[in-house]
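Thanks for coming. I have one structure to go through today, and I will keep to a handful of places in it. Please have a look at the sequence and the model first.

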Amino acid sequence: MVNHLHDLGLLLSIYLLLFISYYGWGCMGVLILKLKDGNIDRPFTTVWMGWSVSLFLLQCIHLFFPIDWRASLFVYGIGAVFSLSEIFKARPKISGLLTPHRVGYGLILLFIVAWIASRSMFPPLNYDSGLYHFNTIRWNNTYPVIPGLGNLHDRLAFNQSFFIYAASLNFFPYFPHGRSVANSFLFLLIFTQVSCHLISIFKQPGSLRNLHPFVYVPHLFTLPILGSLAIRTRGLASPTPDLASTLLQLCLFIYFVQAVNDLRNKKWKNERGVVLIILAVTAITLKLSNLAFSFVIIVICFLCSLCFSQDKTFLYNRVVRLLLFSTAILLVWTVRGIILSGYLLFPSTFWGISADWAMPPEDVKETANWIYSWARSPLIHWSIIIGNWDWLGPWFFRLIEKRNWIEVVYP
């Protein structure tokens, strides 16, 4: 019991450090992109932006150095320093927020945070974590990005920035438990964001008549999914990018519906559009399967910014800065992917380079076929699955038998 309380206190301290550091990097992002602070939903949106900025910096560092405790201390320490001035400015506001009701909500939230933190310390049972997640993280902790690493094992060529994020939380070799922090922190971030938003609305039930459902319905839709993920998923204790991708998609969903509500009122907040674009670009680097979802959001946000902006000169300057930053994120990510496998978008053979360390095209196609077939019918060779629809019926009934209500029925 004493050991658990010690570990729990350490985990909560790391959560607080990450929140403060990401908030600092988010404030720097707001400053660089010249966003109006009043139109940024603080502190959670600022923290999400800071997470994206720090993830970009970590990828840049990994081009030349391993992601060990020194790299982590550099990124998270500077972020914490950036946030100190903001915290100092907000002291009068913070003291004014300490009402009895808010203290009560805070204690309930602290209990939930401790429960999630405890679940994140369970043994990692995700199959892919043992297959390649931990291996990838250890390579990131030990070496800078290695040319042709995918030749050692094809899954080591997956260019998923999540593993850089998870590696940075190891503070290796002093704290080798980043797998417990990575997904649990992102889960608690969006859960706290959703909870605080709903509490602020429902504490005045009479005001609901004057609010459009888009203001609160996305958060209500998100709660059952978060509850299911907290109880059923193995991702909280495993460094799996699938859970992180789901949580980021939920965040994008909430912000996008809020943006749609702005359009309904014929008002487009460029600041919200900027946040959506940055998070959507980051989602692509997190997991390539987010490409279509993120691309649609990016295009819509750019079109809305062009159509609804009043000051075209200011918009042009904003778009240039945003394009430069988004392009930099994607550029660093693609460079890492090419170094790892020799291909721009592994496991696609599109735009491969001719290098002695590049993976053979037939191996890349083999990996892609296994990915396509595994989701349809696992454990059966891809040559039997690809090219026909015989897998559809068994796939459907398998979902029914497993009672995947949250994953299939609810969406």
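I start with C60, which is partly exposed, at a relative accessible area of 23%. Before going on, note that this is a predicted model.

Staying with cysteines, how many disulfides does a search of the whole structure find? The search gives 0. As a reminder, a disulfide is a covalent bond between the sulfur atoms of two cysteines. C27 is in no disulfide, and the nearest cysteine sulfur to it belongs to C251, 17 Å away. Is C27 buried or exposed? C27 is buried, with a relative accessible area of 8%.

C27 also takes us to the next topic, as it is one of the α1 residues that meet α3. Two packed helices are described by the angle between their axes and the distance between the axes. For helix α1, residues 2–32, and helix α3, residues 69–89, the angle is about 75° and the axes are 6 Å apart. An angle from 65 to 115 degrees counts as roughly perpendicular, and α1 and α3 are therefore roughly perpendicular to each other.

Which residues make up that contact? From α1 there are L18, I20, S21, Y22, Y23, G24, W25, C27 and M28. From α3 there are V75, Y76, I78, G79, A80, F82, S83, E86 and I87. By type, the residues of the contact of α1 with α3 divide into 13 nonpolar, 4 polar and 1 charged.

Next, a charged residue elsewhere. R119 lies in helix α5, residues 100–120. The cut-off for buried is under 20% relative accessible area, so R119, at 18%, counts as buried. What is R119 in contact with, leaving aside its neighbours within four places in sequence? The partners are A230, I231, T233, L236 and A237.

Then V260, found in helix α10, residues 241–264. V260 is partly exposed, with a relative accessible area of 31%. V260 and F214 are separated by 46 residues in sequence, and their C-alpha atoms are 8.2 Å apart in space.

The last item is helix α11, residues 270–286. Helix α11 has 17 residues and reaches 24 Å from its first C-alpha to its last, close to the 24 Å expected at 1.5 Å a residue. How many of the α11 residues are buried? The count is 17 of 17, and α11 is described as mostly covered.

That is the end of the list.

Technical notes: Residues are numbered from 1 along each chain as its sequence is written. This is a predicted model: local features need pLDDT of at least 70, side-chain atom pairs count only at pLDDT 80 or more; totals for chains, interfaces and linings use all residues. Side-chain values use heavy atoms; hydrogens and water are left out. Axes are lines fitted to C-alpha atoms, for helices over the stretch in contact, and angles run from 0 to 180 degrees between N-to-C directions. Helices (H or I, at least four residues) and strands (E, at least two) are DSSP runs, numbered from the N terminus. Angles under 35 degrees count as roughly parallel, over 145 as roughly antiparallel, 65 to 115 as roughly perpendicular and the rest as oblique. Contact means heavy atoms within 4.5 Å. Ala, Val, Leu, Ile, Met, Phe, Trp, Tyr, Cys and Pro count as nonpolar, Asp, Glu, Lys and Arg as charged, and the others, Gly among them, as polar. Buried means under 20% relative accessible area, exposed over 50%, partly exposed in between (1.4 Å probe, protein chains only). A disulfide is a pair of cysteine sulfur atoms within 2.5 Å. The expected span of a helix is 1.5 Å times one less than its number of residues.
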